[in-house]
Amino acid sequence: MATTDRQATTLALAHALSAAERGLAVIPLSRTKLPALRSPHRDDPATPPCHGECGSLGHGVYDASTDPARIRELFAAAPWATGYGIACGLPPHHLIGIDLDTKSGTNSSAALRELALRHLFTIPDTVVVLTPSGGRHLWLSGPPDVAVPNSAGRLAPGIDIRGAGGYLVGPGSRTDHGAYTTAPGTAQLAPAACPPALLRLLLPPPRTHHPTPASTGDHGQGLVQFVLAAHEGQRNTRLFWAACRAYEDGIGPALVDPLVEAALNTGLTEREARATIASAARMTGHRP
């Protein structure tokens, strides 16, 4: 490993330990911003996915910890790590990340200001992390009894939300595109409480319950539950697999709405869910 990489790993570990002292659970990240440790189940698709119950490392955000010994163990297992991720949705902060992107060609900061004016809230002084691409991550604290889902562009174009099951790249991390840094004057702030009006926008609207049609039987219900159990990184894959099985078994059309509703509950948008199901229909020789 090059000296610069070793230095980046040492610095990332130091920053991760500092974040843990503030109650933020962390994991090591590679230069690509992905979890540095690969899943122990990657070579055995038949192994039921777990969130670390198997005892091995490599379960992404589910490895996140505030225990210094555990964090050192994680980084020792991933000496190529040059950054760290901060798990969202966990106590004590129940972190919510507002990711204001610049790569979509939209003015995400202006979009957030417009939302604030329209819905009568203000963004409080809070931790702001500057990204190498010119974007910003705003850290907010959510209530302990509410799970904010992850989303991409649902709030407004260029605004992504990191909630339960997601993570933010921590300041001090280095990637292929540069370093993440804390905006001046915000490093010592605690994540501010998310304004109630904004929190309402971040939560999915109540949806009409679509029971699994009786004609699909237990198998259809099982496919729906399979999708509902997905976490970030599995959502599209699980939905596609379940939709393929549904079409192969002749219950695809009857299961579309229940599968879409299940996908929405995992954080996918309706457009993403219906596009994935349509792809499964075409793959299995059916018309969506």
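Author: Start with helix packing. This is a predicted model. Helix 6 and helix 8 pack at an angle of about 45°, and their axes are 8 Å apart.

Reader: What are helix 6 and helix 8 to each other at that angle: roughly parallel or oblique?

Author: Angles under 35 degrees count as roughly parallel. Helix 6 and helix 8 are therefore oblique to each other. Their crossing is right-handed.

Reader: Which residues make the contact between helix 6 and helix 8?

Author: Helix 6 brings Asn236, Leu239, Phe240, Ala243, Cys244 and Tyr247. Helix 8 brings Glu272, Ala273, Thr276, Ile277, Ser279, Ala280, Ala281 and Met283. Sorted by class, this contact has 10 nonpolar, 3 polar and 1 charged residues.

Reader: Now helix 6 and helix 7. At what angle do they cross?

Author: Helix 6 covers residues 235-248 and helix 7 covers residues 252-266. Their axes cross at roughly 165° and come within 10 Å.

Reader: How do I turn that angle into a word?

Author: Angles over 145 degrees count as roughly antiparallel. Helix 6 and helix 7 are therefore roughly antiparallel to each other. This crossing is right-handed.

Reader: Which residues of helix 6 and helix 7 meet?

Author: From helix 6 come Arg235, Leu239, Ala242, Ala243, Ala246 and Tyr247. They meet Gly252, Pro253, Leu255, Val256, Leu259, Ala263 and Thr266 in helix 7. The class count is 10 nonpolar, 2 polar and 1 charged residues.

Reader: That leaves helix 7 with helix 8. How do their axes cross?

Author: The axes of helix 7 and helix 8 cross at roughly 135° and come within 9 Å. The two helices are therefore oblique to each other. The crossing of helix 7 and helix 8 is right-handed.

Reader: Which residues make the contact there?

Author: On helix 7, they are Val256, Asp257, Leu259, Val260, Ala263 and Leu264. On helix 8, they are Glu270, Ala273, Arg274 and Ile277. By class, the contact of helix 7 with helix 8 has 7 nonpolar, no polar and 3 charged residues.

Reader: Charged residues bring me to salt bridges. What is the general idea?

Author: Side chains of opposite charge can pair when their charged atoms come close. The cut-off between nitrogen and oxygen is 4 Å.

Reader: How many salt bridges does the structure hold?

Author: It holds 6 salt bridges. Take Arg274 and Glu270 as one case. Their closest N and O atoms are 3.0 Å apart. Both residues lie in helix 8, residues 270-283. They are 4 residues apart, about one turn of the helix.

Reader: Which residues are linked in a network of salt bridges?

Author: Asp257, Glu270 and Arg274 are linked in one.

Reader: Show me another pair within a helix.

Author: Glu73 forms a salt bridge with Arg70, with the closest N and O atoms 3.4 Å apart. The two are 3 residues apart in helix 2 (residues 68-77), so about one helical turn separates them. Glu73 counts as partly exposed because its relative accessibility is 40%. Arg70, at 26% relative accessibility, also counts as partly exposed.

Reader: And a pair between strands?

Author: Look at Asp99 and Arg162. Their side chains meet in a salt bridge, 3.7 Å from N to O. Asp99 lies in strand 3 (residues 95-100) and Arg162 in strand 7 (residues 159-162). The pair therefore ties together parts that are 63 residues apart in sequence. Both Asp99 and Arg162 are buried.

Reader: How do I read burial for a single residue?

Author: Compare the relative accessible area with the cut-off. Buried means under 20%. Ser108 has a relative accessible area of 4%, so Ser108 is buried. Ser108 lies in helix 3 (residues 108-119).

Reader: What does Ser108 touch?

Author: Leave out residues up to four places away in sequence. Ser108 then touches Leu100, Asp101, Pro157, Gly158 and Ile159.

Reader: How far apart are the C-alpha atoms of Gly178 and Pro258?

Author: They are separated by 43 Å. Along the chain, Gly178 and Pro258 are 80 residues apart.

Terms used. Residues numbered from 1 in each chain as written. Predicted model: local features only at pLDDT ≥ 70, side-chain atom pairs only at ≥ 80, totals over all residues. Heavy atoms only, no water. Axes fitted to C-alpha atoms, helices over the stretch in contact; angles between N-to-C directions. Parallel < 35°, antiparallel > 145°, perpendicular 65-115°, else oblique. Left-handed = near helix turned anticlockwise from the far one by under 90°. Contact = heavy atoms within 4.5 Å. Nonpolar A, V, L, I, M, F, W, Y, C, P; charged D, E, K, R; others polar. Buried < 20%, exposed > 50% of the residue type's maximum accessible area, 1.4 Å probe, protein only.
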